[in-house]
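This report is for a reader who is meeting the structure for the first time. Please look over the sequence and the model before reading on.

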Amino acid sequence: MIYTLHEHAESTVVADEPLARLIDVGKSYGAVRALRGINMTVRAGQVTGVLGDNGAGKSTLIKIIAGLHRHNEGIMTVDGKEVNFLSPREALSHGIATVYQDLAMVGLMEVWRNFFLGSELTAGRFPLAPLKSAEMREIADNELRKMGVVVKDIDQPIGELSGGQRQCVAIARAVYFGARVLILDEPTAALGVKQAGVVLKYIAAARDAGLGVVFITHNPHHAYMVADHFIILKLGRVVLDKTRADVPLDELTRMMAGGDELNELSHDLQVGR
Ligand SMILES: Nc1ncnc2c1ncn2[C@@H]1O[C@H](COP(=O)(O)OP(=O)(O)O)[C@@H](O)[C@H]1O
Ligand SMILES: [Mg+2]
């Protein structure tokens, strides 16, 4: 596969084969139709911003790509081949990694232990084989530096890091373990302005490392800082699907704020006075 990394969507050099693709995908939870008719393409070296209000279907969408839930309409492909993931582990084996808002980390364990959580290096194949601590410490330290993540001490408990830093460690970990698609569910939602900025920087770093990033957020400003492509979901449907060159920030913001509905509301509030 040949692809070219680039800084802006305006330069339309794209992978000849998308990493992942959803074609007319739908999902129902019993009687609740959470998603319908979703088309989406994940390409190497690009960030897709998925926006939408609460209940729009954002988490459902990424749970399908991540192998946590199964779609019951349409087709999902990875590297051009149809897939039906039965588990997150299966998605991961295809290079699809997900960073959830409530990170699966152990607060009291060191940064490096968390970096290798579930994928520890051991000397030998036995379950009780000794951990290669020195090697893991060094790799974690190097990888975090490479991504530009600054932690005071690789041995400090990860619980002492800020929420933003923990998100960054999770992103660096996904990059190190060979993720090709990185899915981030509202990574900036609980963060202040400065910390959100740091996380956005690492999203850009993951993109520059050639990953295809799916960035879920309800903040159009955050999406606009890093995304090449935007999708807005509303009640399970795509209501906007545009590249960065085709949508200005104020249009995104207006669509997210519910534009027309806000106008109507404002009218209704005036009328009553
Ligand atoms: N496990 C589930 N069982 C039943 N309904 C669900 C489940 N998960 C989500 N839903 C419903 O699907 C819709 C989309 O939810 P979700 O994907 O969580 O949206 P978002 O992440 O955009 O807030 C909502 O109506 C929600 O109540
Ligand atoms: Mg959600």
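## A residue in strand S6

Is alanine 97 buried or exposed? Alanine 97 is buried, because 24 other C-beta atoms lie within 10 Å. A residue is called buried if 20 or more other C-beta atoms lie within 10 Å of its own, exposed if 12 or fewer, and partly exposed in between, with C-beta atoms placed from the backbone. Alanine 97 sits in strand S6 (residues 96-99). Helices (H or I, at least four residues) and strands (E, at least two) are DSSP runs, numbered from the N terminus.

Neighbours of alanine 97 within four places in sequence aside, its contacts are Leu92, Ala174, Ala179 and Leu182. Two residues are in contact if their C-beta atoms, placed from the backbone, lie within 7 Å. Between alanine 97 and leucine 182 there are 85 residues in sequence, yet 5.1 Å in space from C-alpha to C-alpha.

## The model and the chain

This is a predicted model, in which local features need pLDDT of at least 70 and side-chain atom pairs count only at pLDDT 80 or more, while totals for chains, interfaces and linings use all residues. Residues are numbered from 1 along each chain as its sequence is written, and chains are lettered from A and ligands numbered from 1 in the order in which they are written. The chain has a mean pLDDT of 86, and 88% of its residues reach 70 or more; pLDDT is the predictor's confidence in each residue, from 0 to 100. Over residues 1-15 pLDDT stays under 50, and the model has 23 contacts beyond four places in sequence for them.

The chain contains nine helices and 10 strands. It has 273 residues, of which 38% count as buried. Of the contacts between residues at least 6 apart in sequence, 67% join residues at least 24 apart.

## Around ligand 1

The shell around ligand 1 consists of Tyr29, Val32, Ala34, Gly52, Asn54, Gly55, Ala56, Gly57, Lys58, Ser59 and Thr60. A residue belongs here if its C-beta atom, placed from the backbone, lies within 6 Å of the ligand. Helix H1 (58-66) and strand S2 (32-42) each supply at least two residues of this shell. The largest share, three residues, comes from H1.

Sorted by class, the shell has four nonpolar, six polar and one charged residues. In this sorting Ala, Val, Leu, Ile, Met, Phe, Trp, Tyr, Cys and Pro count as nonpolar, Asp, Glu, Lys and Arg as charged, and the others, Gly among them, as polar.

## Helix H4

Helix H4 (residues 133-146) has 14 residues, which at 1.5 Å a residue should span 20 Å; its end C-alpha atoms are 20 Å apart, in agreement. The expected span of a helix is 1.5 Å times one less than its number of residues. The buried residues of H4 are Met136, Ala140 and Leu144. They cover an arc of only 60° around the axis, so they are on the same side of H4. The arc is that of the directions from the helix axis to the C-beta atoms.

These buried residues pack against helix H3 (111-115) and helix H5 (163-176). Ala134 and Asn142, on the other side of H4, are exposed. Just after H4 comes glycine 148, with a positive phi of about 80°.

In helix H6 (residues 193-208), the buried residues are Ala196, Val199, Leu200, Tyr202, Ile203, Ala206 and Arg207. Seen down the axis of H6, they fall within an arc of 160°, so they line one face of the helix. They pack against strand S3 (47-52), H5, strand S7 (181-185), strand S8 (212-217) and helix H7 (220-226). Lys194 and Asp208 are exposed on the other side of H6.

Valine 175 is in helix H5. Valine 175 is buried, with 21 other C-beta atoms within 10 Å. Beyond four places in sequence, valine 175 is in contact with Met147, Ala206, Ala209 and Leu211.

Most residues other than glycine have a negative phi. Aspartate 79, in the loop between strand S4 (73-78) and strand S5 (81-82), has a positive phi near 50°. Leucine 235 has a positive phi of about 45° and lies in the loop between strand S9 (229-234) and strand S10 (237-243).
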